[in-house]
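Subject: Structure handover

Hello,

Here is the structure I said I would pass on. My notes on it follow below.

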Amino acid sequence: MNLQCAVCGSEEDVDVVCHHCGKLLCKNEGSREMKPCRLIKKDPVFSDDTEAYHCSECISKYHPSPGCLVLFNWLKIDFIKNEVLQVFSR
C-alpha cells in the first residue's frame, strides 16, 4: 500500500500527519503555483516549545494571526481587538 499526500497527491516522502486533522503530508516545499504541503509551527497547546506539522487549512483555522485564539474548535477570538472573529459550524 502506498501512502499519498492529502494536499498534492504525491506518493514520495509522505512521512508526517497534520497535528489537527491527521491528513498525510509530504515534504513538498511549495512553488509559485502551489502552497507547501506542510508547515511547522509551535503549538500553544503544548507546555514546552514543541513544534507540530500542520496542513495549510489547519494553520489558518487553528493558528490565526497573533492575538487570536480558537476555543473549543469552533470559536475564534481576537484578544487584541477584543472581538469574536468567526464562529465555525459544529
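Is Asp-13 buried, partly exposed or exposed? Its relative accessibility is 48%, so Asp-13 counts as partly exposed, since that class lies between the limits of 20% and 50%. Asp-13 sits in the segment before strand S1 (14-17). Its phi is near 55°, a positive value in a residue that is not glycine.

Please keep in mind that this is a predicted model. The mean pLDDT of the protein chain is 76, and 63% of the residues reach 70 or more. Confidence is highest in strand S2 (residues 24-26), with a mean of 93, and lowest in strand S7 (residues 83-87), with a mean of 56. Where pLDDT is low, the predicted coordinates should not be read in detail.

Next, Arg-38. This residue is in the loop between S2 and strand S3 (39-42). With a relative accessibility of 16%, Arg-38 counts as buried because the limit is under 20%. The side chain of Arg-38 makes a polar contact with the side chain of Asp-15, at 2.5 Å. Leaving out residues up to four places away in sequence, Arg-38 touches several others, among them Val-16, Leu-25, Tyr-53 and His-54.

Val-16, counted in that way, touches Lys-23, Leu-24, Leu-25, Arg-38 and Tyr-53. Val-16 also belongs to the largest nonpolar core, which has six residues. In soluble globular proteins, nonpolar side chains tend to be buried together.

Regards

Definitions and conventions: Residues numbered from 1 in each chain as written. Predicted model: local features only at pLDDT ≥ 70, side-chain atom pairs only at ≥ 80, totals over all residues. Heavy atoms only, no water. Core = buried A, V, L, I, M, F, W, Y, C linked by side-chain atoms within 4.5 Å. Buried < 20%, exposed > 50% of the residue type's maximum accessible area, 1.4 Å probe, protein only. Contact = heavy atoms within 4.5 Å. Helix = DSSP H or I, 4+ residues; strand = E, 2+ residues; numbered from the N terminus. pLDDT = per-residue confidence, 0-100. Polar contact = N/O pair within 3.5 Å; in protein donor to acceptor, adjacent residues only side chain to side chain.
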